Amino acid sequence: MSAATFHDPTNLTQLLSSLAALGKLRTLVLRRCDLTDDSMGSELEPLRRSRSLVTLDLADNKLTDSCAASLSLLARAIPTLRVLTMLPGNALSLSTLTKLREALGTK
């Protein structure tokens, strides 16, 4: 599996655990999943084990600057992650977007 699009937040953690375990997922689109700042720590935790994810699209959710630290840690934990799409649809400041870009560039 090289790409997945998911629109139902029910059992998201279980789905992400399964996808991360496959080891072949390169692109994951989680647009319009009603993800919140609280989701970034717990629900996306399984992705930290991914060794193949290159692109993560989190646009059009309910994310704010409060999730910056969790997303930065996630970006640093996935060695292959190069693209993190956050806009449009999230309430993120330029400062937060800059921090996330820096987290991707530290690899």
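How many residues does the largest nonpolar core have, and which of them have the most contacts inside it?

A: This is a predicted model, in which local features need pLDDT of at least 70 and side-chain atom pairs count only at pLDDT 80 or more, while totals for chains, interfaces and linings use all residues. Residues are numbered from 1 along each chain as its sequence is written, and side-chain values use heavy atoms, with hydrogens and water left out.

The largest nonpolar core has 27 residues, and those with the most contacts inside it are Leu-28, Leu-30, Leu-47, Leu-56 and Leu-58. Helix 1 (12–22), helix 3 (68–77) and helix 4 (94–105) each contribute at least two residues to this core. A nonpolar core is here a set of buried Ala, Val, Leu, Ile, Met, Phe, Trp, Tyr and Cys residues joined through side-chain atoms within 4.5 Å. Buried denotes under 20% relative accessible area, exposed over 50%, and partly exposed in between, with a 1.4 Å probe and protein chains only. Helices (H or I, at least four residues) and strands (E, at least two) are DSSP runs, numbered from the N terminus.

Leu-47 illustrates the packing. Leaving aside residues up to four places away in sequence, Leu-47 touches Leu-16, Leu-28, Leu-53, Leu-56, Leu-74 and Ile-78, where contact means heavy atoms within 4.5 Å.

Helix 4 has 12 residues and reaches 16 Å from its first C-alpha to its last, close to the 16 Å expected at 1.5 Å a residue; the expected span is 1.5 Å times one less than the number of residues. Its buried residues are Thr-96, Leu-100, Ala-103 and Leu-104. They cover an arc of only 100 degrees around the axis, which puts them on the same side of helix 4; the arc is that of the directions from the helix axis to the C-beta atoms. An α-helix has 3.6 residues a turn, so residues three or four places apart point the same way. On the other side of helix 4, Leu-94, Arg-101 and Gly-105 are exposed. The cover over the buried residues of helix 4 includes helix 3 and strand 4 (83–85). Thr-96, which is in helix 4, has a relative accessible area of 5% and is therefore buried. Beyond residues up to four places away in sequence, Thr-96 touches Asp-65 and Ala-68.

Cys-67 lies in the loop between strand 3 and helix 3 and is buried, at a relative accessible area of 1%. Not counting residues up to four places away in sequence, Cys-67 touches Asp-37, Met-40 and Leu-92. Cys-67 and Ser-39 are 28 residues apart in sequence and 8.7 Å apart in space, C-alpha to C-alpha. Cys-33 likewise counts as buried, at 1% relative accessibility. With a disulfide defined as a pair of cysteine sulfur atoms within 2.5 Å, the count comes to 0 disulfides.

Asp-57 forms one with Arg-31, the closest N and O atoms being 2.7 Å apart. Asp-57 lies in strand 3 and Arg-31 in the loop between strand 2 (27–29) and helix 2, so this pair ties together parts that are 26 residues apart in sequence. Asp-57 is buried at 10% relative accessibility, whereas Arg-31 is partly exposed at 21%. Arg-31 also meets Asp-60 in a salt bridge (3.1 Å, N to O). Asp-60 lies in the loop between strand 3 and helix 3, so its pairing with Arg-31 ties together parts that are 29 residues apart in sequence. The side chains of Asp-34 and Lys-62 meet in a salt bridge as well (3.6 Å, N to O). Salt bridges that share partners join Arg-31, Arg-32, Asp-57 and Asp-60 into one network.

Key
Salt bridge = Lys/Arg side-chain N within 4 Å of Asp/Glu carboxyl O.
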